[in-house]
4 protein chains.
Amino acid sequence: MTPEQAKDALMKNDGFSRWLDVEIEEVALGYCKLHYTIRPEMLNGFGTVHGGVLFSASDSALAFACNSHGTLSVALEVSISFTRPAFEGQVLTVEAKEVNLGKTTGLYDIKTYNADGKLVCVFKGTVYRTGKDIEA
Amino acid sequence: MTPEQAKDALMKNDGFSRWLDVEIEEVALGYCKLHYTIRPEMLNGFGTVHGGVLFSASDSALAFACNSHGTLSVALEVSISFTRPAFEGQVLTVEAKEVNLGKTTGLYDIKTYNADGKLVCVFKGTVYRTGKDIEA
Amino acid sequence: MTPEQAKDALMKNDGFSRWLDVEIEEVALGYCKLHYTIRPEMLNGFGTVHGGVLFSASDSALAFACNSHGTLSVALEVSISFTRPAFEGQVLTVEAKEVNLGKTTGLYDIKTYNADGKLVCVFKGTVYRTGKDIEA
Amino acid sequence: MTPEQAKDALMKNDGFSRWLDVEIEEVALGYCKLHYTIRPEMLNGFGTVHGGVLFSASDSALAFACNSHGTLSVALEVSISFTRPAFEGQVLTVEAKEVNLGKTTGLYDIKTYNADGKLVCVFKGTVYRTGKDIEA
């Protein structure tokens, strides 16, 4: 199974990534790059993008990157740092890179940038590798 | 401003919390309890609730708890641990408790439970207290 | 193997816990309470206890708590929040509690308090349970 | 104050960094590289380096990097992921890089490698910038 096929298998039933309307630019072994646009229903009470949306898009990028090896993997523990607010209409780009790939766990660094290339948040994700194959 | 008024001020414009359709059961100083129901568009590609949804509901509970003092506060850094999957139709309860309240930062523990009282995720959030008052 | 025996097996070769000079007050299944005294060589350049010392004592408490089940377990991912400085001569008490025990991972909450019962740091630790027995 | 002078001011009273016996190779604005050797008293009960030692050396590198701007800064929240054990006699290299520098907070990525260039741990640190100058 290629990283592209693994992504398609995941996306097929991923209602939430569809709601986020993420556009996947690239997937490769241990890697994913995607972008999305901030809509009104993604804002919090302060008029900035809700932290949960930033997390979710990063988490989707993580899922595509860590499942690219064909082994079903799920997030176990995540730490996210918010560095800069983002606003309605902005396009955010998310890039997920593999930092370490062990037998039972993997570690990923996911960064979100705004259109000016400024850092919006940093997401560090540890995944558990179940050992099961992803079903097409 | 009471915790209840601060919550109303936040909720008024919080499109994403409305999308999550969280029902707030209680707010008090440094505290919030809410629940929500998992809908089909909240699932990931594995048929379980997307980690981003679990994060988002926890983050909303954090916002209501940390802003209950009337000082505008925003999440700076969060760590979340996923302990158990949750499925469509389940009702999840989220409880946010204040662990520490400093002058410029605050620390919160937020736990999500399923209807059987089993732990679904643990969220530890550090907030930055801006010093500005929340506007009604 | 009892939690007490597991602790003895770990302590036997734990040079660093001996350097910290932690005094274990209690171990039980998924639980550990210990205390230690801040010495001059534990300070950082600001005259407060080094974050690494606070982390280390918490990490030792985690090790005793998570290995209490007799299954060799190691820290995979930790998040620590520093809430209050501590100074030379102070006695710090560390309490580790099990939040979740899964088949391959476990989650622990470890808090450190000063003699006034004020919170010094909060440590959230995810461990990997190797499945191997601890050797006496 | 140069990054080098800030480092000297911190090191002067840093008993714990001296115990770790870290050798600082380079400091620059938002940057620090150092190395140290694993001694017997740095081991845990499993004969590998204690997580607290890995944390401490990373935390020292963080301190030198984030204080390089001359503004007294302290760690607020750290997340550390352990990817590979390390053993007595090994020389570990720690590199701290600034990911974001805000007015009141900063974010740093610190990685530790063994002599083979393999990743031993990843440390993500958020610091609070007090606004006070470091005293020489």
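**Exercise 1. Determine which strands helix α3 of chain C lies across, and at what angle it runs to β5(C).**

Solution. Helix α3 (residues 51-66) of chain C lies across β1, β2, β3 (71-82), β4, β5 (105-113) and β6 (119-133) of chain C together with β3 (71-82) of chain D. Its angle to β5(C) is about 135°. The model is predicted: local features need pLDDT of at least 70, side-chain atom pairs count only at pLDDT 80 or more, and totals for chains, interfaces and linings use all residues. Residues are numbered from 1 along each chain as its sequence is written, while chains are lettered from A and ligands numbered from 1 in the order in which they are written.

Terms: helices (H or I, at least four residues) and strands (E, at least two) are DSSP runs, numbered from the N terminus. Residues are in contact if their C-beta atoms, placed from the backbone, lie within 7 Å. Axes are lines fitted to C-alpha atoms, for helices over the stretch in contact, with angles from 0 to 180 degrees between N-to-C directions.

**Exercise 2. Give the strand order of the sheet and find its edges.**

Solution. Step one: the 12 strands follow the order β1(C)-β2(C)-β4(C)-β5(C)-β6(C)-β3(C)-β3(D)-β6(D)-β5(D)-β4(D)-β2(D)-β1(D) in an open sheet with antiparallel pairing. Two strands pair if DSSP finds at least two bridges between them. Step two: β1 (23-28) of chain C and β1 (23-28) of chain D are the edge strands, each pairing on one side only. Step three: neighbouring strands of this sheet are turned by 20° against each other on average, direction ignored.

**Exercise 3. Examine the pairing of β2 with β4 in chain C.**

Solution. Strand β2 (residues 31-37) of chain C is antiparallel to strand β4 (residues 91-101) of chain C, with 7 bridges. Within this pairing, C:Leu34 is opposite C:Val94 in β4(C).

**Exercise 4. Describe the side of chain B that touches chain A.**

Solution. In this interface, 32 residues of chain B contact 32 residues of chain A. On the chain B side, α1 (3-12), α2 (15-20), α3 (51-66) and β3 (71-82) each give two or more residues. Strand β3(B) supplies the largest share, 8 residues. Strand β3 (residues 71-82) of chain A is joined to β3(B) by 5 bridges, running antiparallel, and A:Ser79 stands opposite B:Ser79.

**Exercise 5. Identify how chains A and C are related.**

Solution. A rotation of 180° with 0.0 Å of shift along its axis superposes chain A on chain C, with RMSD 0.0 Å. This is the relation of a two-fold axis. The superposition is by least squares on the C-alpha atoms of residues with pLDDT of at least 70 in both copies.

Technical notes: Two residues are in contact if their C-beta atoms, placed from the backbone, lie within 7 Å.
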